[in-house]
Amino acid sequence: MRKYVIALLVFVIIFNGFSSIKELTDLAIVKAMGIDLTEDGKYHISAIVIDTSDSENTNSGIVYEAIGDSVHDAARNIVGISPKKLYLAHMETLVISEEVAKTQTENVLDFFIRDNEGSNAFYLFIANGAKSSEIIDIINTEKIDMVSFLQATEKYRGIANLKNLNEIIKTILKDGNEICANSISIKDEKIVINDMAYFRDWNMAGYLTSQESVLYNILINEISNIILSVDQGDNLIVAEVMDSKSKISIENEDTINIEIKIKANLSETSKDIKITNSEKLEEIENNFEEKINNEMLVFYNKIKNEYNSDILGFGNLLYRKKNQLYTQDNYLQKLNVNVNTQVNISNQGGINKTW
Amino acid sequence: MENLIEYLKSRLKNLDDIYFRELNIKNKKVFIAFSDALIDSSLVSNFVIRSLVDIISSDELEDKNNLKSKIEEKIGINSKKIDLENSIAINKIKKLDKEKDNLFTYILSGFVLIVLDENIYAVETKASLIRGISEPTSENSVRGAKDSFVENIMTNIGLIRRRIKTEKLEYKETKIGTKTNTTVGIMYVSNIAKSELVDLVEEKINKIVIDGILDVNYIQEYIEEKNESDFPVSINTERPDIVSYYLLQGRIAVLVDNSPYVLILPAFFEDFINNIDDVYQKSKNVTITKIIRYMCLILTVMVPAFYLSLITFDQESIPTELLTSFAAQREGVPFPAFIEAITMVFAFEILRESDLRSNKISGNTMSIVGALILGDAAVSAGIVSPIMIIVVALTTISGLTFSDINVINALRKWRAIYMIFASLCGLIGMAMATILFVTSLVSTNSYTKSFTYPVAPLNMTQVKKSLFTRMAIPKDHTRQKILTNNLTRSRE
């Protein structure tokens, strides 16, 4: 008996968890949060808190809004309106307005990095052309499940990715690596997930195009079932990507090799073609490869000339290889990029269905 | 002779169930004494008294023409020496010594005391004061034998001997209890069981000094005296097939008269989780059953603690939908989660305890009260949340996979320890409780053997054989080294 008492005391002294006890009924579980800047430079927070007062219907949420000098201050000010303290560990969505993204990203992310309560496994969106509080309101009234919305967009359109805040923070903290974030906008009072926003030096700098968003996601291996199309003569050939792998490596001092392997299924052709022999299929594959290679090069040129943001992490790659080039400011300009794409069309589609 | 009769009568004068009778058969005085409650009266009338009459009369016939007997007949005495031991029609008869033997014990054990020619005989005429063999009540058998032990030790030995018909199955008995004088026997297969273990048990049993042994648990507590663990280190069973199974492994059975339970030792933790019925079922399908049982062990100990730590410390570990559902259910419950959990677990323990103690007539009332009040009304009244009912129900039904009451009680204690730790430190607290639990298990000693065998000390052969699977019987040729030196099952 004495040894149990001693063991208990030792445990209690070493790990006193008493202070971190949180009763479930004291928590306001936040589902989504939006951050705006007011005209006088203060933070305006709008948070969807899950309504737990009705055990039959836990889908509905309540939006609380508050203003504060800092994100944390604004979050605390919500306690004045809501009876409970905001609990961020189950947040799914964080929407920040363009204004915040362009000027205050570092401060906002700092709050979430430091907050020991949250798991930071939520998705970051930039509110494109709308206030984030408006977006939060629509998410709440339409009861949109942002996670499955994003998953579907990622899977079938490829213009968004599933990097959560943790991964974004890890990327942004790397030397020589900039981030891209998903964006969201309102179109006809509906939520739309848009092309990705790219960042430069912690702040948002602009948006990629749709095509570039897809290429970006191919390069960072965050793609699943998107559709690629290519013109072959006057015939439009469409293929669905089943598997895609890309690898970025340094070959020489200043040459970056990008290897992309794509497995796809032929899904649609505008005119009847006969793919009876492998040569015909190879021709189609070559067309796809050529197209992707060209697009990639154009994309890279745009990155280095127009965007001037190392979103692909080439700088980090150089840094890890102890390449002297990295110490120069305009290293992106001095790099040569080779793109080598292999497209493998494994299934041409059959008439006979198995069901 | 008269002195002896006077002595018996004076000592037994306050025992009104003792019956004395003096017979006078052909001038020969015979005195008999017996307890009316313990004897079978037809045995006494038909065999004892009739035999006595026959024996004494037939002696007369032979000596009819003897002059001596004629004279004796005239003066009313009969000096014939009668050899009762060899002529009475009762299977058990013993000639007693007035000085050495305790005559009262014989009378009070269902013997008839016969005083004839200064000799004292005890003749066994015990009535069968026991119920018949019935189905086991505390251990269910799906496919196994349906007989169970009764309160008579001889019947119990018979049930075991019916199954193991070898002279190697040895049985040694002693009488323990200065007042109860209870028969306590140990049984083992002599060429399988380790002799040092047999000696150890015998020694421990022989050391017992007590006024009475009423149940096998008296013996269990004496021989487990040094076991400070919460878990028992011997198996209590009421099924003879289980006893036989373990005897053939080299374990030792302890039988106590008047107890329908037999003690088997040594026992390992695994024995309490797994069930003998596995042996009666197809071995390939036993694996899932065993996995379910291990899960039940974990569930019954940890579920309330796990629930507590999730909803009071580690909310981020629960999926959001589940958390909101939990939160919505907890809304309006006035107590902290720990109080809610401990109340509910306690209420179910009350229900179980009263279920064990109640008679069958009030059983119906209780199930209604239990199901309605605890299940439904407590939720409607807002005292507990519905999820708590699920937690407690899961805990309870998982706990019912174990049949030994000592194990159930030990697990109940550990459940409470886990809950306290979880309410203090969440999942980390549960990890601490697990450290304590495992420490307590591995430091338990089962008759010089380790209680957690075959996991610690690790015995891979046995782990493969029985921990998660059961080896097919034709392939299983060996016994366990920890229990026996005679390892080959097929050899005699």
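Biologist: Which residues of H8(A) are buried?

Modeller: In this predicted model, the buried residues of H8(A) are Glu212(A), Ser213(A), Val214(A), Leu215(A), Tyr216(A), Asn217(A), Ile218(A) and Leu219(A). Each has under 20% relative accessible area, which is what buried means here.

Biologist: What covers the buried residues of H8(A)?

Modeller: The cover includes strands E7 (180-187), E8 (190-200), E11 (235-250) and E12 (255-269), along with helix H9 (278-307), of chain A. After H8(A) comes Asn221(A), with a positive phi near 60°.

Biologist: Let's turn to chain B. What makes E1 and E2 of chain B a pair?

Modeller: Two strands pair if there are at least two bridges between them. E1(B) and strand E2 (residues 28-35) of chain B are joined by 8 bridges and run antiparallel, so they pass that cut-off.

Biologist: Why are strands E1 and E3 of chain B called edge strands?

Modeller: The open sheet has 5 strands, in the order E1-E2-E4-E5-E3, with antiparallel pairing. Strand E1 (18-25) and strand E3 (93-96) each pair on one side only. From one strand to the next, the twist averages 20°.

Biologist: Which strands does helix H1 of chain B touch?

Modeller: Helix H1 (residues 2-11) packs on the sheet and touches E1, E2, strand E4 (111-116) and strand E5 (119-124) of chain B. The direction of H1 makes about 20° with that of E2(B).

Key. Residues numbered from 1 in each chain as written. Chains lettered and ligands numbered in written order. Predicted model: local features only at pLDDT ≥ 70, side-chain atom pairs only at ≥ 80, totals over all residues. Heavy atoms only, no water. Helix = DSSP H or I, 4+ residues; strand = E, 2+ residues; numbered from the N terminus. Axes fitted to C-alpha atoms, helices over the stretch in contact; angles between N-to-C directions. Contact = heavy atoms within 4.5 Å. Buried < 20%, exposed > 50% of the residue type's maximum accessible area, 1.4 Å probe, protein only.
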